[in-house]
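Subject: A structure for you to look at

Hi there,

Here is the structure I promised to pass on to you. Please open it next to this email and follow along as you read.

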Amino acid sequence: MTDDIVAAVVRQWQAVNPDLDTEPMRLIGRINRCAALLQQAEDAPLRAAGLTRGEFDLLGAMRRNDRELTPGELARETFSSGAAVTKRLRTLQDGGLIDRRSDARDRRVAYLGLTDEGRALVDRLLPEQLAYERSVLSGLDERSREGLSGQLGELLIQLEGRLGGGRR
């Protein structure tokens, strides 16, 4: 089996500084590299539908919550900045995929929901996106996928607790 890019980087660091403990780099480097490659692929079904992953995440959050959400709630649901959410919401609204409704008592508060077209798009795209993601993971057998998922879940819980990124 050939080494991945992270193994080569670790070897280079060890050659330059043999006393350096590069163990964390093996895991964090691989997680970061996998994330970068997955983002570069830009999710073929979403791209074909003219959506970015961030836009689809907003639509998905509205669909799975099945109620109107505020921009702040959407930012928390999708782990996105308020500015990024605002930009994406404008694009989705211009595309006729979401509706915006102002609160009757406080016009500064907006509620966002899917249009019929937005709901139909999510319902059509999600199975396609899941099939795409399944094909990306097809090189791993079921046991490996389950093990990796469980281990990453444990890491995520630890990181959320330490770094304050936890959900409700």
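How many salt bridges does the structure hold? There are 13 salt bridges. Please keep in mind that this is a predicted model. One of the salt bridges is formed by Arg 30 and Asp 4, whose closest N and O atoms are 2.6 Å apart. Arg 30 lies in helix H2 while Asp 4 lies in the segment before H1, so the pair ties together parts that are 26 residues apart in sequence.

If you set aside its neighbours within four places in sequence, Gly 29 is in contact with Val 6 and Pro 24.

The largest pocket holds about 1,300 Å³ of space. Its lining is made up of 34 residues, and those nearest the centre of the pocket are Ile 31, Cys 34, Ala 35, Leu 38 and Gln 39. Two or more lining residues come from each of helix H1 (5–16), H2, helix H3 (44–48), helix H4 (53–65), helix H7 (116–136) and H8. Which helix gives the most to this lining? That is H2, with 11 residues.

Now turn to the surface. A nonpolar patch there is formed by Leu 27, Ile 28, Ile 31, Leu 38, Val 136, Leu 137, Leu 140, Leu 148 and Leu 152. Together these residues have about 720 Å² of accessible area. Helix H2 (23–41) and helix H8 (142–163) each supply at least two residues of the patch, and H2 gives the most to it, with four. Leu 27, for example, lies in helix H2.

Last, here is a loop to visit. Ser 80 sits between helix H5 (71–78) and helix H6 (82–94). Its side chain makes a polar contact of 3.1 Å with the side chain of Thr 78. Another polar contact, also of 3.1 Å, joins the side chains of Ser 80 and Arg 88. Leaving out neighbours within four places in sequence, Ser 80 is in contact with Ala 75, Val 85 and Arg 88.

Enjoy exploring!

Best wishes

Note on methods: Residues are numbered from 1 along each chain as its sequence is written. This is a predicted model: local features need pLDDT of at least 70, side-chain atom pairs count only at pLDDT 80 or more; totals for chains, interfaces and linings use all residues. Side-chain values use heavy atoms; hydrogens and water are left out. Patches are made of residues with over 30% relative accessible area and no salt bridge: like charges are joined within 9 Å, nonpolar side chains (Val, Leu, Ile, Met, Phe, Trp, Tyr) within 5 Å. Accessible areas come from the Shrake-Rupley method with a 1.4 Å probe; for residues, only the protein chains shown count as cover. A salt bridge is a side-chain nitrogen of Lys or Arg within 4 Å of a carboxyl oxygen of Asp or Glu. A polar contact is a pair of N or O atoms within 3.5 Å; within protein, one must be able to donate a hydrogen and the other to accept it, and residues adjacent in sequence count only if both atoms are side-chain atoms. Contact means heavy atoms within 4.5 Å. On a 1 Å grid over the protein atoms alone, a cavity is a set of points where a 1.4 Å probe fits but cannot get out, and a pocket is an open set with protein on both sides within 12 Å along at least five of seven lines; lining residues have an atom within 4 Å of a point. Grid points are joined across faces, edges and corners, and a volume is the space filled by probe spheres set on the points.
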